[in-house]
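The following note sets out several points for a colleague who has the model open. Please read each point alongside the coordinates.

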Amino acid sequence: MRTIDKLNKMYVYSSFGLSSDDINCLSILYAPLIGSGALNLYLGLNSLLERNNLKSEELIHQNIFDIFGYNEETFSNEILKLEAIGLINTYLNNKNEYIYLLKVPHTAKTFLSDGTLGLYLQSKIGDEMFSYLTNHFKIETINKKEYKNITVNFDDVFKTEIDEHKIVAEKDLIVGRVPNSSIKVSNHVFDYNEFIKDINLDLLEDGQTEKFKNTIINTSYVYKFDIGQMQRIYQDSINSKGIFDYEILKKKANILFKYINQKTSPKIATKVEDRKLNYEVLRLDSIDAIALLTENNCETSYENLKIVDEIYKIDLPRGVLNAMIEHLIKTKDGKLPAYPYFVKTASSWMELNIFTTKDAYEFINNKEGYIGSKNKEKALNNESMPKKRGPKSKKDSTEWVDNYVTNVKDGFDQL
């Protein structure tokens, strides 16, 4: 995270004015990905611009903190989101003075058709809502079949002499909109040079362009594909003319991702969310029974502590069991369920291959889209359903056996 002193000077610059269409795109398309905090900051910084020169007065960061109720950490997190999504460029000099240059948002058309942003939005809001937004931004096509275009050209009306050198020298100072390019990804894990070693580059109509390189790197990053998977997708992205096709690449990448992960599309998350997950995993791994019950407003009575002690004998890691206890207490309004309820829950979790604290936390917070690291690995290797372990309890769980048999049968039916 970037450290910003509240007394550091800052300036806001822009080269365009936000239109109503821009506001619509920011509010409906960008907001689901960056959150309301980052959106408000972007709009707020835009409001600080002087209308005559699109530049703010000299400010210190404390001024912004006071306006938005931020502290250094919150402001830094929101600015990083805006930078990553392509809405702000940040510059810093040796005096620790900042310039925040606002960048023009995508149009609805370029955002929704973008191979990265459009995909993340579709994953975030679902196919139905994504289709709704696509239709929302469509305009009615004019039927011109019975009409003839009689519009004149510029040189049919005007004749003038132009000082070309003066125009070139001064045109960059004029307020205008520079189309926003797709987001930049520094995918250091993916070795592009290794990727091109074993593919047929003759299939590229225009040769190795910057567009092709960026598409390959961005696709590998978004879908978490390795070199071999990207080479396979490339070979499968040849059209009927024997030429590589970018649109086919998008479709093939999505198909392979669905097959590997059993999800419709990848999801977007911030590094802040990663830090939160790591913190929660460490907390659940290390917290003791009394602290766990206390933090979740559950009585630390002898009976409850005895139940927790029995739960800890179930054949699952302590962090997983702590996550289960915390989750069930919350669902039962602060009451600790009886021990048999945990045995049943443990069986269900084992059937989902929840054997790590991370898997347990992700399952609790994303039940609908959960797949788990082990299931993902099995899908990647095209393996059938693995044999499940049962909980160690005083009574044999015949229900668990029945569920296991049904689960395996369903797995083979799907194959």
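The remarks below concern a predicted model.

1. Helix α10. This helix covers residues 210-223. Its 14 residues, at 1.5 Å a residue, should span 20 Å, and the end C-alpha atoms are 20 Å apart, so expectation and model agree.

2. Burial within α10. The buried residues of this helix include Phe212, Ile216 and Ile217.

3. Salt bridges overall. How many salt bridges does a search of the whole structure find? The search finds nine. Three pairs are discussed individually below.

4. Glutamate 247 and lysine 250. These residues form a salt bridge in which the closest N and O atoms are 3.6 Å apart. Both belong to helix α12 (residues 246-261), where three residues, about one turn of the helix, separate them. Glutamate 247 has 46% relative accessibility and therefore counts as partly exposed. Lysine 250 is also classed as partly exposed, because its relative accessibility is 35%, which lies between the limits of 20% and 50%.

5. Glutamate 280 and arginine 283. Their side chains meet in a salt bridge, with an N to O distance of 2.8 Å. The two residues lie in helix α13 (residues 271-286), three residues apart, which is about one turn of the helix. Are they buried or exposed? Glutamate 280 and arginine 283 are both buried.

6. A salt-bridge network. Glu280 and Arg283 also belong to a network of salt bridges that links them with Glu295 and Glu326.

7. Lysine 358 and glutamate 362. The side chains of this pair meet in a salt bridge at 2.9 Å, N to O. Lysine 358 and glutamate 362 are separated by about one helical turn because they are four residues apart in helix α18 (residues 357-365). Lysine 358 has a relative accessibility of 39%, so this residue counts as partly exposed. Glutamate 362, with a relative accessible area of 26%, is likewise partly exposed.

Methods: Residues numbered from 1 in each chain as written. Predicted model: local features only at pLDDT ≥ 70, side-chain atom pairs only at ≥ 80, totals over all residues. Heavy atoms only, no water. Salt bridge = Lys/Arg side-chain N within 4 Å of Asp/Glu carboxyl O. Buried < 20%, exposed > 50% of the residue type's maximum accessible area, 1.4 Å probe, protein only. Expected span 1.5 Å × (residues − 1).
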